[in-house]
Amino acid sequence: MNGKSSNIKITEKLQAIEGAIRKKFANNYTSVRKAFLDTDTDYDGYLTAEDMAKFYGAPVDFKDMQLLL
């Protein structure tokens, strides 16, 4: 697989994860503040790849989540 094809696949994968996270946020929260506070599981004031992976719940590659953020 060449580099361009690989980049396209990664981009598509990240867009799918982003879309699923957006949908989950939209279905569960009416306030960005509430969503942030519930997602920031270690209460450090930052959303990390770990926080997002826990929120997402589905099996997701941790490196993909880091790239997304």
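In this predicted model, Lys34 and Asp38 join their side chains in a salt bridge, with N and O 3.2 Å apart. Why are they separated by about one helical turn? Because Lys34 and Asp38 sit four residues apart in helix α2. Lys34 is partly exposed, at 45% relative accessibility, and Asp38 is partly exposed too, at 36%.

Is Thr39 buried or exposed? Its relative accessible area is 1%, so Thr39 counts as buried, the cut-off being under 20%. The side chain of Thr39 reaches back to the backbone oxygen of Ala35, at 2.6 Å. Leaving aside residues up to four places away in sequence, Thr39 touches Phe25, Leu47, Asp51, Met52 and Phe55.

How many salt bridges are there by this rule? The count is three. Another of them pairs Arg22 with Glu18, whose closest N and O atoms are 3.0 Å apart. Both residues lie in helix α1, four residues apart, or about one turn of the helix. Arg22 is exposed, at 57% relative accessibility, whereas Glu18 is partly exposed, at 31%.

Asp64 and Lys13 also meet in a salt bridge, 2.9 Å from N to O. This pair links distant parts of the chain: Asp64 is in helix α4 (residues 62-68) and Lys13 in helix α1 (residues 3-28), 51 residues apart. Asp64 is buried, at 9% relative accessibility, while Lys13 is partly exposed, at 44%.

Note on methods:
Residues numbered from 1 in each chain as written. Predicted model: local features only at pLDDT ≥ 70, side-chain atom pairs only at ≥ 80, totals over all residues. Heavy atoms only, no water. Buried < 20%, exposed > 50% of the residue type's maximum accessible area, 1.4 Å probe, protein only. Polar contact = N/O pair within 3.5 Å; in protein donor to acceptor, adjacent residues only side chain to side chain. Contact = heavy atoms within 4.5 Å. Salt bridge = Lys/Arg side-chain N within 4 Å of Asp/Glu carboxyl O. Helix = DSSP H or I, 4+ residues; strand = E, 2+ residues; numbered from the N terminus.
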